[in-house]
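Please read it alongside the sequence and the coordinates.

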Amino acid sequence: MTTIQDSAVRADSALSVSGVLASALPHDLGTAQGPTRYTVPAVFSRRPQPREVDLLHGAGTRQRLADAGYSDVELRVSDRRLLISNTNLVDLKAGLAHLVGMILRDISNQAAQERTDHSNELEALGLVEEERLGSLRRAAAEIHFD
């Protein structure tokens, strides 16, 4: 399956997966010699931001997968691909894909909230600094050498 990407996807839009990259699945899949568990490559809707990658690779993600019965499954980022290791298409269809989608949504929301919080903190610090500089200017203006 070839996935079509929207070049206008904004970096601050929610991170999601647009589909499985079927051409990168094991070549012997579906044969008697084919693996039962393998890495399924999926394509992100946009390039993940560094904080999203950190969260995705973190202990919280591993715990959520384990809590849902997928303790052997691992999620790794490779450029614009999500590599879902130790799984198969059947597990993904049976619920793992939905769980991965929820994990990505939550990670995307958390990273966006952290960016907003950081921006608000910087704005507040800027206001404090403006006030400090204004106070210094007023104090300096009150000094007269006459």
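A crossing of two helices is called right-handed if the near helix is turned clockwise from the far one by less than a right angle, and left-handed if the turn is anticlockwise. In this predicted model, the crossing of α2 and α3 is right-handed.

**Helix packing**

- Helix α2, which covers residues 59-67, packs with helix α3, residues 89-141, at an angle of about 150°, and their axes lie 11 Å apart.
- Because angles over 145 degrees count as roughly antiparallel, α2 is roughly antiparallel to α3.
- On the α2 side the contact is formed by T61, R64 and L65, which meet L96, L99, M102, I103, D106 and I107 of α3.
- Sorted by class, this contact of α2 with α3 comprises six nonpolar residues, one polar residue and two charged residues.

**The sheet**

- Four strands form an open sheet in the order β1-β2-β4-β3, and their pairing is antiparallel.
- The edges are taken by β1 (17-20) and β3, each of which pairs on one side only.
- Averaged over the sheet and with direction ignored, neighbouring strands are turned by 30° against each other.
- Strand β1 pairs with β2 (residues 38-44) in the antiparallel sense over three bridges, and V17 has F44 in β2 as its bridge partner.
- Strands β2 and β4 also run antiparallel and are joined by five bridges, with P41 standing opposite L83 in β4.
- Strand β3 (residues 74-78) is joined to β4 (residues 81-87) by five bridges, and these two strands likewise run antiparallel.
- Helix α3 lies across β1, β2, β3 and β4, and runs at about 135° to β4.

**Residues with positive phi**

- Most residues other than glycine have a negative phi, which is the background for the next two cases.
- D79 lies in the loop between β3 and β4, a hairpin with two residues between the strands, and has a phi near 60°, a positive value in a residue other than glycine.
- Because a relative accessible area over 50% counts as exposed, D79 is placed in that class by its relative accessibility of 52%.
- N86, by contrast, has its place in strand β4 itself, and takes a positive phi of about 60° although it is not a glycine.
- With a relative accessible area of 37%, N86 is partly exposed.

- Is T87, a residue of strand β4, buried or exposed? With a relative accessible area of 0%, T87 is buried, since that class takes in values under 20%.
- Leaving aside neighbours within four places in sequence, the residues in contact with T87 are T36, R37, Y38, V40, V73, L92 and L96.
- One of these contacts, L96, also belongs to the α3 side of the packing with α2, so that T87 in β4 and helix α2 both meet this residue, by the contact cut-off of 4.5 Å between heavy atoms.

Terms used. Residues numbered from 1 in each chain as written. Predicted model: local features only at pLDDT ≥ 70, side-chain atom pairs only at ≥ 80, totals over all residues. Heavy atoms only, no water. Axes fitted to C-alpha atoms, helices over the stretch in contact; angles between N-to-C directions. Parallel < 35°, antiparallel > 145°, perpendicular 65-115°, else oblique. Nonpolar A, V, L, I, M, F, W, Y, C, P; charged D, E, K, R; others polar. Pairing = 2+ DSSP bridges. Buried < 20%, exposed > 50% of the residue type's maximum accessible area, 1.4 Å probe, protein only.
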